Each structure stands twice: as C-alpha cells, then as structure tokens.
Amino acid sequence: MFKPELISTFKNYSGKKFVSDLIAGVIVGIVALPLAIAFGIASGVGPSEGIFTAIIAGLIISVLGGSKVQIGGPTGAFVVIVYGVIQKFGLPGLATATIMAGVILILMGVLKLGGLVKFIPYTIITGFTAGIAVTILTGQIGDFFGLTTGPMPGDFIGKITTYAKSFHTINWWSFGMSAVCLAVIFLWAKVPVVGKKVPGSLIVIILATIVCTVFKLPVDTIGDRYEIPTMLPAPKLPDFSLGTIKELFPTAASIAVLAAIESLLSAVVADGMIGAKHNSDTELIAQGVANIVTPLFGGIPATGAIARTATNVKNGGRSPVAGIVHAVTLLLILLFLGKLVKFIPMPALAAVLVSVAWNMAGFKDIAALMKGQKSDAFVLIMTFGLTVFVDLTVAIGVGLLLAAFFFIQKMAMLSDVHQYENGEDPEASKDMPEEKLDVPNGVLIYEVEGPLFFATVRKFEVAVDRSGADFKAMIIRMRNTTYLDAGGIKALRQLQNACKKRKVAIILSGVHDQPLKLLKKSGMTESLGEENVCVDIYAALDRARGLLGVSKPAESN
C-alpha cells in the first residue's frame, strides 16, 4: 500500500518538532550543496545538473517517500553509469535512461518487490561499490594534480594512459590545495561533536574558496569551466525513440537496481538510528517518481544518500519535513547565492570526491570477505574488476550469476541421499538419535537430506540405481527435506516409472509443507496414492506392511 511517511507525520506534529526539522534541514541543505556540485561534475555533466537533482529529487523523495528521515539526491553510485551514458548518448540519452529507470522503480514498488532488493548478495554490493570508488578516484586525478589533459576517454585504461602522458603539466598550486583540503577533511572528522555533525567537505569548500579568491591563486574554479544558472530551468521532455529505448534499457535497469539498493540500504541505516521502520515499497515508488520528474529539468539519477541522511538524523531531523527544508534551502542558495558557486576551486572539489571514494571503498569489508570463503572472494573480485574495466551493468549481471551458481553448488553439497542398513540410520546423531526400526523384508528405506532440487537430483538417482536389493516397497523419508522443485518432482516421477516396471510401491514419509504443496499441485500425490504419503516413518512402515501382507510385530514389554 502506497503510504507516504509525510502523511503520518502531520498526525502528531508540533512546533517543537518543526524547529528541530528546520535546523536539520538547513544544515543538510548547506552540506548537500558541495556534494551535489561534485557529483554532477564527476558524472560528466556539470554543477548545475547536480544542484537541480538535489533540489527536485530531494523534495519529491521527502514528500512521497516511505522513510521518516531519508534525504535524496545525486550520489557517487551513479557516477560510472552516468559518465558512460553521457559519453555515448549525451544528456538526452541520460534523460531517457533515467525516466525508464523511474518507471522500473515504480513497478518494483507497485509489485511489492522492495523486500527482494535486500536479497542481493553482500559480496556483489561490496564489489561494485569498491569499483565505483576506484572509478570516482580515477576521474579526479586530473583536477587533484591540476593536469592539462584535453578530452578524457570514458574507460579506465584510457584515463590512466591520458593522465600518464600529461603528468608533466602538473599544477603544484592545485596539488597543494587538494592535498591540504584532503588532510583537513580527514582530520576534521576526528573533532569531537562538531566533526560528526558538520562534514569536513563543507569546511574545505568554504575555506578553499575564500583563500583562492583573496589570494588569486592560479587554479581552475567552477566558473572557469561551467555556466552557473540562478534559477531552475523549464521542464523539457527528451526525444524518445524506439532504438534508443532498446539500447538504453539495460542501463536503465542498472540505474533502477542501484537506486533501489542504495535507497533501501540508507533507509535501513536510518531506521537503526531513530528506532523506526520504513516502508520499502512506498520508498521505491517515491524514488521512481523522482527519477521520472528530475530529468525533465536537466537532472541526473537520484537515490537516498546515506551520508546526508545520517547528517540529517545527527542534527535532529525526525520527519520528512527536514528533507523538504533541505530542498528549499538548496533552491534559495541557487536563487540568491548561485553566482558565488563559480568561485569554488576545482582542486577542493577533487579532494571532496577523493574522500567520498575512500569512504565508499569499504576496505574493512573487503578484507573480511577476502579472509572468508573462496567463492565469496571470487564473486567480489569479479564484480569489482568488471565494474572498473568493463561496465557496471555487466558487473551486476555476472556477479548475480556467479553468486547464484555458488549458492546452488553449496546447497547441492549439503544435500545427501543414503540408504538404511538393517533398519538403522547410519547418519543418526546425538542431536537426533534414531530408534532401531523394525523393517520387514522386502522394504527399502532412503533418507533425503537437504533440498531435493535440480542440482541434487542426480545424487538421488545414483543412490537408488546402486540398490540391487530385491524389494517390493520403497520408503522415501523426507523429514529433513524442506524444499522441493520441478527437478525433484521429475526425479520422483522417473523413480515411480522405474518402480512400476518392477511392481514396487513408493511411500513418502514425513513430508514438509512446501514439498507437500508442490506434490499436490503437480498431481504427484494422486499418482502415488494419497494413502502412500504418510505423516512419519511409523505410518509409512505400517503402510508397507499392509501392501506386503505382513502383520505388525508385537511390542515388547
């Protein structure tokens, strides 16, 4: 059910809460300005596109979103994709892809797929996040060192080659400012109280702009490269074409997945900070609307921003009103102080983005995963490498395929099929001791351990084929089989056909809910006979004795 959190907010809203949200919103709006500018430039568009995105998407996500404190806007996650689309299709192509991504996000929310996004493997998220961090870092080398490079290629190798050829053009003033700004950002974070509430990126942008302007340092500023508007542009629809839509659909899907992942991760982090619970599906719909509307005003893809959301919470924001104030603050800055943006030095922005890349890289997470299972490390490395050297869309697709393959392999390894010998369970443990079963002659018992699905069917078939015993009834014990799929049904049908030729009855024992439902839907219970699907092993043995015409043994005193 679509239920924006803003509606619930006004039920018990007060003047005190508004003051708290107002202060937090103003602070976050000021903090978001340099980040919006930096992400716009890093994405290959410009500072104005980043600001437009922060204003429009930030407003829509706060008004329609399912989180109390989510702050929306441009983030580093989209830098790789946006840069690539701009290189190939320009701004019209980016607008088309972003609108398509918005439609996908709305569909995800309407179909209640918000919970499914959380099942994307952690290794993949870590891998492509680290890859994005490297890409952001690579894109800032030129401004960090003040290099004169000319046109910059879009691929990683091309960028590194271009930097190497132009490194002799280093501007030591730019490098010095970048290095000092980067050091201030990291040192500022260690300052008690203030360092946690006001990010160092805002401090260095202000200080660097003042120093650069007063002393007229020979470094590039935003105004040297871009025109800074002082108002929002009029909305404009991009030119949609069937060919462009087809070509950009994989990119749009990647934008949608990234927006969903980052926004829901941010919402989960925020929930933990304020002790609330967000509505995932409502949040996805809000993200979708934001990504449909924002490109009409020249904006770029947007999502929930973890750092800005955390800043909002730390400064007292407790409702979507703070996010609305944040967007209004940015709009007022654009309208009345937009001309000052052109004085911001590019080396300072480069330092901000390098610090963002460092924080995104997740070195501790990578180190922990590399020490774990080899399969997790392999998925991480492949996703990271493909993100850096090929394409983020390919990286996510290949990462998901690899993760699924390794998961299936692990499930298959955990499964087993074994035969009881003389009525005793050779696999019985202290946790589940097995009584000695009185199994009459002519009855064979197999136990299926773990899921019976397409990857484990062969084990089942081999175990049964190996049996050369002369038997008239086969009991398949499924007390430890919690999952069954079409492959498992097919194996049971094949077994049934083979047993019919030998006039052997099949009896199922201890079937769990999911396998039982599938057996009924597939018609397997009807084919076997409902009387041959028993609640436990004792009922199954009684059924076998009845088929063989053997009386039940007398119980010993």
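Contact here means heavy atoms within 4.5 Å, and the model shown in every view is a predicted one.

View 1. Because its relative accessibility is 0%, Ala 252 counts as buried. Although Ala 252 and Thr 98 are 154 residues apart along the chain, their C-alpha atoms are separated by 6.2 Å.

View 2. When residues up to four places away in sequence are not counted, Thr 98 touches Asn 291, Pro 295, Ile 300 and Pro 301.

**View 3. The largest nonpolar core, with Leu 392 as one of its members.** This core holds 90 residues, of which Ile 37, Phe 128, Ile 132, Ile 222, Leu 349 and Leu 392 touch the most other members. Helix H4, residues 79-110, gives the most to this core, with 14 residues. Leu 392 touches Ala 77, Val 80, Ile 81, Phe 128, Ile 132, Leu 258 and Thr 387, again with residues up to four places away in sequence not counted. A second, separate core of 22 residues includes Val 417, Tyr 446, Ile 476 and Leu 528. In soluble globular proteins, nonpolar side chains tend to be buried together.

**View 4. A nonpolar patch on the surface that includes Met 231.** The patch is formed by Met 231, Val 328, Leu 332, Leu 335, Phe 336, Leu 337, Leu 340 and Phe 343, which together have about 780 Å² of accessible area. Met 231 lies in the loop between helix H12 (222-225) and H13. With a relative accessible area of 53%, Met 231 is exposed, because the cut-off for that class is over 50%.

**View 5. An open sheet of five strands.** The strands follow the order E3-E4-E5-E6-E7, and their pairing is mixed. Strand E3 (416-419) and strand E7 (533-534) are the edge strands, each of which pairs on one side only. Strand E6, residues 505-509, runs parallel to E7 and is joined to it by two bridges, and Leu 508 stands opposite Val 533 in E7. Strands of a sheet pair through backbone hydrogen bonds, either parallel or antiparallel.

Key. Residues are numbered from 1 along each chain as its sequence is written. This is a predicted model: local features need pLDDT of at least 70, side-chain atom pairs count only at pLDDT 80 or more; totals for chains, interfaces and linings use all residues. Side-chain values use heavy atoms; hydrogens and water are left out. Buried means under 20% relative accessible area, exposed over 50%, partly exposed in between (1.4 Å probe, protein chains only). Two strands pair if DSSP finds at least two bridges between them. Helices (H or I, at least four residues) and strands (E, at least two) are DSSP runs, numbered from the N terminus. Patches are made of residues with over 30% relative accessible area and no salt bridge: like charges are joined within 9 Å, nonpolar side chains (Val, Leu, Ile, Met, Phe, Trp, Tyr) within 5 Å. Accessible areas come from the Shrake-Rupley method with a 1.4 Å probe; for residues, only the protein chains shown count as cover. A salt bridge is a side-chain nitrogen of Lys or Arg within 4 Å of a carboxyl oxygen of Asp or Glu. A nonpolar core is a set of buried Ala, Val, Leu, Ile, Met, Phe, Trp, Tyr and Cys residues joined through side-chain atoms within 4.5 Å.
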